[in-house]
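Hi,

Here is the structure I promised to pass on to you. My notes on it follow below.

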Amino acid sequence: MLDGSDIYAKGIDPVTIRRRVGMVFQKPNPFPTMSVYDNVAAGLRLNGERNHSVLDRAVQQSLELAFLWDEVKGDLDKSGASLSGGQQQRLCIARALAVQPEVILMDEPCSALDPTATAKIEELIASIKGNYTVMIVTHNMQQAARVSDFTAFLYLGQLIEYGETTSLFENPVEELTERYLTGKFG
Amino acid sequence: MPRLMDMGLEKLRNMVLDMAELSQNTVSTSIDAYVQGRDLRDRIYSWSEELRMLQDEVSELAVELIARYQPVASDLRFIKSCMEVAYGFSRFGRYAHDISDVIGIFGDLSSCDRQAVKEAGSQAKDMIRLSIKAFTERDVELAGRLKKMDDVVDNIYLDFVKKSAHEREGNLKCVVSGTLILRYLERIADHATYVGETVPYIVSGERSARK
């Protein structure tokens, strides 16, 4: 459901949904044949944007939001695939931000990254959460506790508990949440 | 299968229980020494110092467990409570030392009426015993009794002060020494209540409002 509408309902345009909901995956997946610039501009071009100055501005803004601009501003023509893993992931986030979605879904965005790259992504999430709804799937509970305001605990496809992050981690209501969080399974 | 953190939690628990026993003995000895007119300042001071050092050790282990295992939920509540309880036990030691100091300052107090101190002391000792039992056994009902017991100590202290304030012919040495000791006992009773308050928090995350 997005704003009360079923996004799987008949007649819903998947392209529109994809514009409203950006996605970042576990493994960084920049378009391998495209430059850094083209990776970020790809979504806007798909949506019909051709104005160079508009594209230039959007690419810079998105890369700045993703904390990547300073590292790549001299190499915008370089292949996106040539960046480090952490940079590639931030490039993917910049690509998602470029089309100004309402929601950004991140599926284990740091699982393939070292602690330094992870810290950058987490700082990035904190810096954009005022303007975007960010939803992260993570198996790293400390990461959930660090970056989120609200946490939902899902187990075997069932929503077990949802609440404010501080309260869920300090004082979970459900016994299953308590056991999962404290590793008292089995 | 035990978790890696369990060994550390067990060690923390045992350290806190060691502190519980020592703090109970320290307070009891200081009250008994006052009632019997014995000067045991050195012994009580050394126990009080030991409690302070043990509190540091509890804090260090708690921080280590947090840094190593990032505990959450009941584990986190337990560790946090151990730090609070260890602080309470260390305060017991400090107040016991203060009580024993009164004899050092005022000398012979055998002519003073010590009934109020005996009553408050007995109540404070019971409260310490009860708070330790409630903490050890995670007994919420038992912990809940402490607040009413605390009121008894508060009232003994307040009654003594009010009575002394209106008494023109009282012995100043007895009034001041009695007030000081009752004040220390009143603080001990407060800390025993705080120890009790950790029990529902550990068990269910419930925080009681402090007066």
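Which residue of β3(A) is the bridge partner of A:Ile104? The partner in β3(A) is A:Val134.

Before the rest, some ground rules. This is a predicted model, in which local features need pLDDT of at least 70 and side-chain atom pairs count only at pLDDT 80 or more, while totals for chains, interfaces and linings use all residues. Residues are numbered from 1 along each chain as its sequence is written, chains are lettered from A and ligands numbered from 1 in the order in which they are written, and side-chain values use heavy atoms, with hydrogens and water left out.

**Overall layout**

Chain A contains 9 helices and 5 strands (DSSP runs numbered from the N terminus: H or I of at least four residues for helices, E of at least two for strands). Along the sequence the order is α-β-α-α-α-α-β-α-β-α-β-β-α-α. A box of roughly 55 × 45 × 25 Å, taken along the principal axes, holds the C-alpha atoms of chain A.

**The parallel sheet**

In chain A, 3 strands make an open sheet ordered β1-β2-β3, with parallel pairing (two strands pair if DSSP finds at least two bridges between them). β1 (21-24) and β3 (133-137) of chain A are at the edges with a single partner strand each, so one side of each has no neighbour in the sheet. From one strand to the next the twist averages 15° (axes are lines fitted to C-alpha atoms, for helices over the stretch in contact, and angles run from 0 to 180 degrees between N-to-C directions).

β1(A) and β2(A) are joined by 4 bridges, and A:Gly22 has A:Ile104 of β2(A) as its bridge partner. Strand β2 (residues 103-107) of chain A also pairs with β3(A), over 5 bridges; here A:Val103 stands opposite A:Thr133. Helix α5 (residues 85-98) of chain A lies across β1 and β2 of chain A and runs at about 170° to β1(A).

**The hairpin**

Strands β4 (residues 150-155) and β5 (residues 158-164) of chain A run antiparallel and are joined by 6 bridges. A:Ala152 has its bridge partner in β5(A), namely A:Tyr162. The two strands, β4(A) and β5(A), form a hairpin with 2 residues between them, and A:Leu156 in the turn has a positive phi of about 50°.

**Salt bridges**

Over all chains the count is 23 salt bridges (a side-chain nitrogen of Lys or Arg within 4 Å of a carboxyl oxygen of Asp or Glu). One of them links A:Arg146 and A:Glu122, at 2.7 Å from N to O. A:Arg146 sits in helix α7 (residues 141-147) and A:Glu122 in helix α6 (residues 115-128), both of chain A, so this pair ties together parts 24 residues apart in sequence.

**Where chain A meets chain B**

The contact involves 10 residues from chain A and 12 residues from chain B (contact means heavy atoms within 4.5 Å). About 910 Å² is buried between the two chains, and carbon and sulfur atoms give 45% of this (the accessible area, with a 1.4 Å probe, that two parts lose on being put together, summed over both). Between chain A and chain B the count is 1 salt bridge: A:Lys184 with B:Asp75, whose closest N and O atoms are 3.8 Å apart. On the side of chain A that touches chain B, α8 (165-170) and α9 (175-181) of chain A each supply at least two residues.

Happy browsing!
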